[in-house]
Amino acid sequence: MKSRLSHIILATVLTALGTFTSTSQTNRPAGLILPPADSDARTHILASLLTTNEPGEYSLPRVWVGAEKVTVEIGSFRTKEGGPTNQWLKFDQLMVGRQSLHPKQREDRFIISRREKNRGENPIGASFYRASLPSDSELMGMRDFQSVSNLFGWNPFAHATNLIGANSQWVSIRYFALGPSDTIETVQVTFMKRGNESQIDNIRVSRSRLHPEPKAEQ
C-alpha cells in the first residue's frame with residue numbers, strides 16, 4: 001500500500017508541476033544556463049541533508065532562489081504562441097520519503113520544495129534529487145515511450161495528464177542536483193505524445209541555477 005501511495009504522490013506532483021509552470025511565470029531576466037563546473041558535491045552545504053535516512057520534512061539551512069529558463073523545445077512546444085516565459089523558483093524545504101519510488105533510483109526520495117502550498121496542497125515547484133542531471137541533448141533524444149519510462153524509472157504515462165479537447169497526453173518532472181559554490185541546479189522536462197502512440201514528438205526543457213539568499217542580519 002505504501003509503495004503504491006508513493007507512485008500516486010509522484011503522479012499528483014507531476015500534475016501540479018504542469019499547472020505551476022503555466023500559472024507562475026515571471027519576467028525576471030536570466031543569463032545563459034551553462035553546465036556546472038566540476039566540484040566536490042561533498043562540500044556542498046546540503047550534502048549532509050541528502051544522507052538523512054529519517055523520513056519527514058526539514059527546513060533548508062538557507063533559502064535558494066533563481067530564474068528557470070527554457071533552454072530547448074521541439075514540436076508544438078516550439079511553435080505554440082504565448083508559451084511560458086522565465087519563472088522564479090524558490091526552495092526552502094526538504095522532504096524525505098520512506099522509500100524510493102523505484103529500486104534503480106534510490107536517491108529520488110529526496111525532494112526540495114517551497115513551504116507554501118497551492119490549491120491542491122501539493123509542493124510548489126517540487127524537484128526530485130539526482131546526483132547528476134541529464135543534458136539537453138540526452139533529453140531531446142528520448143523520442144519514444146520506453147526511453148521516457150527509463151528516465152522516470154517507471155511508466156509516467158500511466159498517470160499522464162490528458163489535454164482537454166486533444167488526443168494527447170503530457171508528463172512533466174523536475175530534478176535537482178548540487179552545484180558548485182553551494183548552488184542548486186535544476187532541470188524540468190515535459191514530454192507529450194499522441195494517444196496510445198509510443199512516439200514522443202513534443203519536448204520542452206527548462207533549467208536554472210539557484211543561489212542561496214544572504215542570511216538576514218540578527
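Biologist: In this predicted model, which residue takes a positive phi in the hairpin of β7 and β8?

Modeller: Gly 195 does, with a positive phi near 40 degrees, and the hairpin has five residues between its two strands.

Biologist: How do you know that strand β7 and β8 pair?

Modeller: Two strands count as paired if DSSP finds at least two bridges between them. Strand β7 (residues 184-194) and β8 are joined over ten bridges, so they meet that cut-off, and they run in the antiparallel sense. Within this pairing, Ile 184 has Leu 210 in β8 as its bridge partner.

Biologist: What makes strand β1 a partner of β8?

Modeller: Strand β1 (residues 56-74) is joined to β8 by eight bridges, and because at least two are needed, the two strands pair, again antiparallel. Here Ile 74 stands opposite Ile 203 in β8.

Biologist: Why is strand β8 called largely enclosed?

Modeller: A residue is buried if its relative accessible area is under 20%. Ten of the 13 residues of strand β8 (residues 200-212) are buried, and therefore the strand is largely enclosed by the rest of the structure.

Biologist: What makes β3 and strand β4 a pair?

Modeller: They share two bridges in the antiparallel sense, and because the requirement is at least two, they count as paired. In β4, Ser 127 is the bridge partner of Ile 112. Strand β2 (residues 87-96) also pairs with β3, antiparallel and over four bridges, with Val 96 partnered by Phe 110.

Biologist: Which way do the residues of strand β3 point?

Modeller: Phe 110 and Ile 112 point one way, Ile 111 and Ser 113 point the other way, and all are buried.

Methods:
Residues are numbered from 1 along each chain as its sequence is written. This is a predicted model: local features need pLDDT of at least 70, side-chain atom pairs count only at pLDDT 80 or more; totals for chains, interfaces and linings use all residues. Side-chain values use heavy atoms; hydrogens and water are left out. Buried means under 20% relative accessible area, exposed over 50%, partly exposed in between (1.4 Å probe, protein chains only).
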